[in-house]
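Please read the points below with the coordinates open beside you. They are meant as a colleague's notes, taken element by element.

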Amino acid sequence: MTPMLSRRRFIRISAAAAGLGALSVGRPVCAEAAPVTWRGTMLGAVAALEIHDEDRRRAERLIALACAEARRLERLFSLYLDDSALVALNRTGVLVDPAAEMVDLLSTSQRYATLTGGLFDVTVQPLWELYARHFARADADPAGPRPAEIEAALARVDSSRLSVSRDRIVMPKGMAVTLNGIAQGYVTDKVVDLLRAHGISHSLVDMGEARAIGSRPDGRPFDVGIADPDSAGHTKTVLPIVDRAVSTSGGYGCQFDSGARFNHLFDPRSGGCAHLYRSVTTVSRSATAADALSTAFSLMPDGQIRSLLRRVDIDRVHLIDAAGKSVELSA
């Protein structure tokens with residue numbers, strides 16, 4: 001079975017709340033009443049903006065500015081654009097005079113690796129490539145890649161071996177980086193910064209991860225839905241969000257095999273895949289933190305997650321465990 005190259009994003013902004021159901025893709029749309037909204041794709045994920053502002057023309061200009069900024073960052077971080085800075089890094093092993101945002105994001109990634117004991121690691125791309133190659137074969141062993149193959153891939157996984165400085169980024173031969181577990185959150189935060197700098201105080205930004213600026217103008221929170229892992233297109237629960245970001249990770253987002261034994265949430269310790277939970281949802285002030293930690297928490301028992309919450313700037317975590325039971329942890 002060839003794995004679908006879908007993202008791990010399962011947050012769905014409630015159509016009733018965000019009014020996104022009838023939007024055209026890829027360009028601003030002006031509804032008859034506020035808000036001004038846009039929907040498209042960014043970094044391989046569904047993206048959306050909802051801006052509440054009395055000056056609709058200003059809101060439309062800001063959507064154009066936000067999309068341009070997100071596209072600029074996408075050209076740095078994407079694995080899907082042949083000319084991106086990340087693809088160049090993976091191809092050559094070095095970036096000279098890298099963009100400040102690339103230095104910032106890789107440095108942040110290394111910090112989360114340290115905080116999570118290595119469970120968040122942007123150098124797991126060799127494992128992705130191994131599993132993708134294995135299950136793309138018609139005669140693929142349903143038991144997965146051979147242990148020796150996994151060991152060989154793991155020998156190239158360790159983000160502490162990335163050398164990151166303002167002058168250059170260097171990594172050992174054979175190593176490869178994926179930013180798919182953090183870049184969407186980072187881009188969301190950058191768009192939020194841009195909108196706030198232009199005076200926006202009520203907005204919902206989703207560049208693959210959702211983050212609210214304030215509340216709705218009437219004081220009501222924005223509603224962000226957590227998808228039902230067992231029912232595609234359905235919402236398990238809805239979170240009311242004010243000035244917070246939300247991210248969800250779950251193995252069902254990309255499964256390599258028909259038996260759902262192997263997914264894209266890789267354990268950097270063993271080379272295996274996450275199975276503790278059906279989904280993990282994090283709530284934080286930072287979309288970058290929510291994004292990275294929803295990945296790492298997928299590999300941790302709930303007691304370990306609880307002990308880390310205050311240290312990693314996560315307000316609360318919503319778990320759907322392997323039996324389908326919902327559990328909430330708070331800092």
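1. Strand S12 (residues 245–249) and strand S13 (residues 277–284) pair in the antiparallel sense over five bridges, where helices (H or I, at least four residues) and strands (E, at least two) are DSSP runs numbered from the N terminus, and two strands count as paired if DSSP finds at least two bridges between them. Within this pairing, Ser249 stands opposite Val280 of S13. Strand S9 (residues 210–213) is also joined to S12, by two bridges and in an antiparallel arrangement, with Ala245 of S12 as the bridge partner of Arg211.

2. The model is a predicted one, in which local features need pLDDT of at least 70 and side-chain atom pairs count only at pLDDT 80 or more, while totals for chains, interfaces and linings use all residues. Residues are numbered from 1 along each chain as its sequence is written, and side-chain values use heavy atoms, with hydrogens and water left out.

3. Is S12 enclosed by the rest of the structure, or exposed? Five of its five residues are buried, so S12 is largely enclosed by the rest of the structure; here buried means under 20% relative accessible area, exposed over 50%, and partly exposed in between (1.4 Å probe, protein chains only). Ala245, Ser247 and Ser249 point one way from the strand, whereas Val246 and Thr248 point the other way, and all are buried.

4. In helix H3 (residues 85–92), the buried residues are Ala85, Leu86, Val87, Ala88 and Leu89. Their cover includes helix H2 (56–77), strand S5 (94–96), helix H4 (100–115) and strand S7 (168–170). The residue that follows H3 is Gly93, and its phi is positive, near 85°.

5. Three aromatic pairs are counted, under the rule that rings of Phe, Tyr and Trp (its six-membered ring) pair if their centres lie within 6.5 Å, with planes under 30 degrees apart taken as stacked, over 60 as edge-to-face and the rest as tilted. Phe77 and Tyr186 form one of them, an edge-to-face pair at 5.6 Å centre to centre with 85° between the planes. Phe77 lies in helix H2 and Tyr186 in helix H7 (residues 183–197), so the pair ties together parts that are 109 residues apart in sequence. Both Phe77 and Tyr186 are buried.

6. Tyr112 and Phe120 form another edge-to-face pair, at 6.5 Å centre to centre and 85° between the planes, and both residues are buried. Arg111 lies over the face of Tyr112, at 4.8 Å from the ring centre; the criterion is NZ of Lys or CZ of Arg within 6 Å of the ring centre and within 35 degrees of the ring normal.

7. Thr116, in the loop between H4 and helix H5 (125–136), counts as buried at 3% relative accessibility. A polar atom of its side chain lies 3.0 Å from the backbone nitrogen of Phe120. Leaving aside neighbours within four places in sequence, Thr116 is in contact (heavy atoms within 4.5 Å) with Leu293, Ala296 and Met300.

8. Asp53 lies in the loop between strand S4 (45–51) and H2, and is buried, with a relative accessible area of 17%. Its side chain reaches the backbone nitrogen of Asp55 at 3.1 Å and makes a polar contact with the side chain of Arg58 (2.5 Å); a polar contact is a pair of N or O atoms within 3.5 Å, where within protein one must be able to donate a hydrogen and the other to accept it, and residues adjacent in sequence count only if both atoms are side-chain atoms.
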